[in-house]
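Reader: I would like to go through this model with you. I will ask what stands behind each label.

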Amino acid sequence: MNEKSVDRASLTMLQHAAKERLETAWDRWEAQQPQCGFGQLGVCCRICNMGPCRIDPFGREPKRGTCGADADTIVARNLVRMVAAGAAAHSDHGRDVAHTLILAAEGKGGYQIKDPAKLRRIAAEFGIAPNGHTDQQIARELGERGLAMFGRQEGALDYIKRAPEARRNTWQRLGIVPRGIDREIVEVMHRTNMGVDCDYKNILMQGFRAALADGWGGSMLATDFQDILFRQPQPIRSRVNLGVLKKDQVNLVVHGHEPALSEMIVAASRDPEVLKLAAEKGATGVNVAGICCTANEILMRHGVPVAGNFLQQELAIITGAVDLMVVDVQCVMPALAGITNCFHTKLVTTSPKARMPGVEHIQFSEEGAYRIAKDIVTRAVENFVRRDPKKVNIPEDATDLIAGFTTETVYQFLGGRYRATYRPLNDAVMDGRLRGAVGVVGCNNPNTVHDHGHLALTKELLRNDVLVVTSGCSAIADAKEGLLQPEAAFKYAGAGLREICETVGIPPVLHVGACVDNSRILTTLVAICDEGGLGKDFSQLPIAGSAPEWMSEKAVTIGFYCVASGLLTHFNTPHPVLGSPGVTRFITEEVEGLLGGKFLFEPDPLKAAGAILNHIDQKRAELKLKPPMYKPVPVSV
Ligand code: NFS
Ligand code: SF4
């Protein structure tokens, strides 16, 4: 396959871009070929000024850097620095949410506690006595406890006690229980500084610890606290793909990650004053659409349509129909500044952590949230009149979807509101109706056909009666293909999975949110273990994780906490580790003996699905479960 994407809307826009000589990430990726082999193999070190040093990957000289570091040390250090960066990104997001919760408790910034039930539930988990306290008082204390998790020095993060006992014991034995979120990230940076840790296994174990501080720390906190502030998602209908942009309305695209901003943009877009102004400018309304994870956040809670996933951010601009794109942090391509200059589109940065030269910056602060959001939406409306109809080219493609499944709503779906239980799910796995479950998550990357990895892998799992849960840009890929509709079960699912989807009324692929919401997958696994019958630890379950088109350091961190939580974790292209046979062997083989999980690198999505199914079957055999009840359905296109 030499197409750039399997998504028709994206291909339409890429053709248009080529005709208009507009450059995209695909062009720049091609211009980078051949990419640096030392970088790909991870054997380039720039950690000190006696370097940069590089190790010959074919075992010739030089075998060591100036300081004497070998390929194993260099590769391990580079890799865990990726983990630290990813953990920092997710967790800094979590920190801002904790701050916002405190502001909500103080009645500042227009934020409210929209889910007091969840507030009280989480507060109880943190040991905060609810009696006689107002929601505000509880929220303040919980917010402060959340912030304290970042600076904590000793002991274990509060959320660690959610994990199954066997898992906690494993972490304890290996000395990788995360103490404080910031502390573990700092320790990665210290240990990988010139002349500190040079035992690659010891370095990697700290990488696992920092990743756990994300999955069972920063990300979990972000998810829980966002649910408290913006309410817990419920299954909700919406639409996805570039066709959600509207010719006759003001199109405002929100891109990035933090719902503190996007929630307020959605609210401001419904402000009567804004709508009146839009009508005066000749627009029939204000259409907010999302890109990347911020899209998933407002999709799950408000049904706001999704314009596309990571590789579609430039394509959205190329439709010529976006009046304003507002960005905050993470996965925002610097190229946006250039491409928006070719159109009337106004680009606005909002985070003090993420500015772009020559781009207007309207600094967002939680304290002035609504006012700032309204200012941004007003600018979008004012820019509508500058849109050039001759340049507007919106693809028709838009697909219906259902999103917004959480650990809690799956309970309700399976057992009904009054008899909430994971029993039916566990029973289905035990009697072989359901073969297992896999989390397919992560990014897009022009190094592989856009969306193809997500879709091919997911469909192969579905026809083999494997339930798929998804988040981030993978969820958006699935949504575009129609996999997030209950009807998809008839087209793609094996007989057992189809029966379950039909009975319960769910799609065969469950959208659980943004990438920080991969923590929802962890808490769901806790519920499955607690329900009983499938083993007492995650590493016993017939499950796996996969990032078939990964790009971000955050994906590496997620992979690390999945492996540390006991999961077989598939990545299509390897981490930059192949220059070190030691590190490669450790993370793809030996670590299984320690943590029960390991990495699997396999570029072909169908082969990857095969390996995942083998793993699932092996876990089923170890649990002495019945063989799968049905044969897989034939391949569907
Ligand atoms: Ni996740 Fe979200 Fe997408 Fe990858 Fe980026 S948006 S945090 S990192 S590219 S899935
Ligand atoms: Fe070279 Fe060692 Fe310095 Fe790295 S830390 S740049 S291998 S001298």
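Reader: How do the residues of the lining of the largest cavity divide into nonpolar, polar and charged?

Author: This is a predicted model. In its largest cavity, the lining divides into 32 nonpolar, nine polar and one charged.

Reader: What makes this space a cavity, and how much space lies in it?

Author: A cavity is a set of points where a 1.4 Å probe fits but cannot get out. The largest cavity holds about 530 Å³. Its lining has 42 residues, and closest to its centre are Ala-437, Gly-439, Val-469, Ile-521 and Leu-525. H22 gives the largest share of that lining, seven residues. The structure has four cavities of 30 Å³ or more.

Reader: What makes the largest pocket a pocket, and what is its volume?

Author: A pocket is an open set with protein on both sides within 12 Å along at least five of seven lines. The volume of the largest pocket is about 720 Å³. Its lining counts 22 residues, with Trp-29, Gln-35, Asn-445, Asn-447 and Met-551 nearest the centre. Helix H2 (25–31) and helix H3 (37–41) each supply at least two lining residues. By class, that lining has 13 nonpolar, eight polar and one charged.

Reader: Why is the site of the nickel atom of ligand 1 called irregular?

Author: Look at the angles among its four donor atoms, which run from 91 to 164°. Four donors count as tetrahedral if all angles lie between 85 and 135 degrees.

Reader: Why is ligand 1 said to lie between domain 2 (236–391) and domain 3 (404–622)?

Author: Both domains give residues to its shell, so ligand 1 lies between them. The shell includes His-257, Cys-292 and Phe-310, along with Gly-442, Cys-515 and Lys-554. By class, it has eight nonpolar, three polar and one charged residues.

Reader: What makes a residue part of the shell around ligand 2, and which residues are there?

Author: One of its heavy atoms must lie within 4 Å. Among the residues around ligand 2 are Cys-45, Cys-48, Cys-53, Cys-67, Arg-77 and Met-194. The shell around ligand 2 divides into eight nonpolar, three polar and one charged.

Conventions:
Residues are numbered from 1 along each chain as its sequence is written. Chains are lettered from A and ligands numbered from 1 in the order in which they are written. This is a predicted model: local features need pLDDT of at least 70, side-chain atom pairs count only at pLDDT 80 or more; totals for chains, interfaces and linings use all residues. Side-chain values use heavy atoms; hydrogens and water are left out. Ala, Val, Leu, Ile, Met, Phe, Trp, Tyr, Cys and Pro count as nonpolar, Asp, Glu, Lys and Arg as charged, and the others, Gly among them, as polar. Domain bounds come from an automatic or database domain assignment. Donors are N, O and S atoms within 2.8 Å of the metal (3.2 Å for Na, K and Ca); water is not among the atoms, so sites may look incomplete. Four donors count as tetrahedral if all angles lie between 85 and 135 degrees; four count as square planar and six as octahedral if opposite donors are over 155 degrees apart and all others between 65 and 115; anything else is irregular. On a 1 Å grid over the protein atoms alone, a cavity is a set of points where a 1.4 Å probe fits but cannot get out, and a pocket is an open set with protein on both sides within 12 Å along at least five of seven lines; lining residues have an atom within 4 Å of a point. Grid points are joined across faces, edges and corners, and a volume is the space filled by probe spheres set on the points. Helices (H or I, at least four residues) and strands (E, at least two) are DSSP runs, numbered from the N terminus.
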